Amino acid sequence: MTDTLLRGRVLTFHQEPAGPEDTDAYSYIEDGGVLMRDGLIVASGDYESVAAGAGDATLIDHRPYLLMAGFIDTHIHFPQVQIVASWGSQLLDWLNGYTFPAEAEYANAQHARAMAGRFCNLLTDHGTTTAVAFCSVHAASAEALFSEADDRNMRMIAGKTMMDRNAPDAVLDTAQSGYDDSKALIERWHGTGRAAYAITPRFAITSTPEQLEMSGALAAEHPGCYIQTHLSENHDEIAYTATLYPQALDYLDVYESNGLLGPRTLLGHAIHLKDREIGAMAETGAHPVFCPTSNLFLGSGLFDDAGLRARSIQNGIATDIGAGTSYSMLQTLNEGYKILQLQDQKLHTLRAFHWITRGNAEVLGMANKIGTLDAGTEADIVVINARATAAMDVRMERAESLSDELFVVQMMGDDRAIAQTYVSGVPQKKETT
Ligand code: GUN
Ligand code: ZN
């Protein structure tokens, strides 16, 4: 396989920028190069020096576009692709009215496989190269998504959802079958190619205490796996959970008391939290995941990013399709910025772009593999055009700095701003530029 050399304006992060002046936190090279071989980045830096060691590599010139690490979405529901933008309700009614019926269709392996292809296309069209995905309750849905991602050498963290009560029969497993199916999927997929498994009890309401106990057993038996679930998204959800788990200290304790909290645990939403819960997250290293477009769409509430960060908690950020309304991590940052504005919290654009790349990689404990353009990491790369639309183009005439440009991309960009996406070094978008 011949090497590929990308030329463009290169931006990569070394740590979270403390603010706009924190130039130690990132490298920005006006005329940069990234050399890719066998799915990995073998060199990146200024173009002349990378090109000098690139031999007869195929050159793809992306100037004047920006090259960055591919985006990482740390919470998304694969079987919800056909219910994005479903009108009218808040969380529990939305789940019953739209979500469970749509997820029931993923018992059909052919449907799951067809949707998995479209799902992965949507991710890469929007610049997302790694996702942490909920599948449906059916093992076939996880099998379909892992197979599809594997065919593309795409990094995918996913799990079959476990849910054994408070939903229609068509989307229920049992504590035992949820355990058995998850275990078989872990054995088949965890560590296969670029796949990793996430043990996935949907949330407290749809799992019996027996199922959460068996989820904890799975986690103890497979400490390398991730754990993903939902926490404190909506007031009715929290009140219902309290009636189902009367002994629990609070919502988080339902998971904590079953051994489900640790640095590989991702807790979707985490909006309405008690002080004890925040302390427990800090102590265990579990990660809240901010889902801005979803939280606004379902009217769930405002995520307290600064409050959690002040307690040394590292938050992920994600789309939460299909309650989320965009696959774009740029649009996710756009709405995230506004949610923080409502609380007088500031999200600087350099921190924002760090968050959807290296920051989310750190949340996943994978910053040595994805999220940067460092040599030795995986060649998942986005090419960004800050003038992709007429509105962006006219605004960019007044952009005076890299931060200005990035903020325009963050607030106005979507899939149109993604000129190309490379997954394991292979271009995914049809129209190369
Ligand atoms: N809580 C439990 N399941 C879900 C889901 O599918 N989406 C959202 N937004 N919240 C949930
Ligand atoms: Zn979710």
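Reader: Let me begin with helix α5 and helix α6: at what angle do they cross?
Author: The axes of helix α5 (residues 175-189) and helix α6 (residues 209-221) cross at roughly 25 degrees and come within 9 Å. An axis here is a line fitted to C-alpha atoms, for helices over the stretch in contact, and the angle runs from 0 to 180 degrees between N-to-C directions. Helices (H or I, at least four residues) and strands (E, at least two) are DSSP runs, numbered from the N terminus. The model is a predicted one, in which local features need pLDDT of at least 70 and side-chain atom pairs count only at pLDDT 80 or more, while totals for chains, interfaces and linings use all residues. Residues are numbered from 1 along each chain as its sequence is written, and chains are lettered from A and ligands numbered from 1 in the order in which they are written.

Reader: So are α5 and α6 roughly parallel or roughly perpendicular?
Author: They are roughly parallel to each other, which follows from that angle; angles under 35 degrees count as roughly parallel, over 145 as roughly antiparallel, 65 to 115 as roughly perpendicular and the rest as oblique. The crossing of α5 past α6 is right-handed, a word used if the near helix is turned clockwise from the far one by less than a right angle, with left-handed used if anticlockwise.

Reader: And which residues make that contact of α5 and α6?
Author: From α5 there are Ala175, Gly178, Tyr179, Ser182 and Lys183, and from α6 there are Glu210, Gln211, Met214 and Leu218. Two residues are in contact if their C-beta atoms, placed from the backbone, lie within 7 Å. Four of these residues are nonpolar, three polar and two charged, where Ala, Val, Leu, Ile, Met, Phe, Trp, Tyr, Cys and Pro count as nonpolar, Asp, Glu, Lys and Arg as charged, and the others, Gly among them, as polar.

Reader: Moving on, how do α12 and α15 pack?
Author: Helix α12 (residues 329-341) and helix α15 (residues 402-412) pack at about 95 degrees with their axes 6 Å apart, and are therefore roughly perpendicular. Leu330, Leu333, Asn334 and Tyr337 of α12 meet Val409, Gln410 and Met411 of α15, and this contact has five nonpolar residues, two polar ones and no charged ones.

Reader: What about α13 against α15?
Author: The axes of α13 (residues 349-363) and α15 come within 9 Å and cross at roughly 60 degrees, which makes α13 oblique to α15. In this left-handed crossing, Thr349, Leu350, Ala352 and Phe353 of α13 touch Ser403, Leu406, Phe407 and Gln410 of α15.

Reader: Which domains is the chain divided into?
Author: There is domain 1 (4-70 + 371-427) and domain 2 (71-363), with bounds that come from an automatic or database domain assignment. Their centres, taken over C-alpha atoms, are separated by 29 Å, and the contact takes 29 residues from domain 1 and 32 residues from domain 2. On the side of domain 1 that touches domain 2, the elements that give two or more residues are β4 (58-69), α15 and β15 (418-423), and α15 supplies the largest share, six residues.

Reader: New topic: which residues are around ligand 1?
Author: They are His77, Leu91, Leu95, Thr99, Arg202, Phe203, His230, Glu233, Ser294, Asp320 and Ala323, a residue being near a molecule or strand if its C-beta atom, placed from the backbone, lies within 6 Å of it. Helix α2 (residues 91-104) gives the most to this shell, with three residues, and by class the shell holds four nonpolar, four polar and three charged residues.
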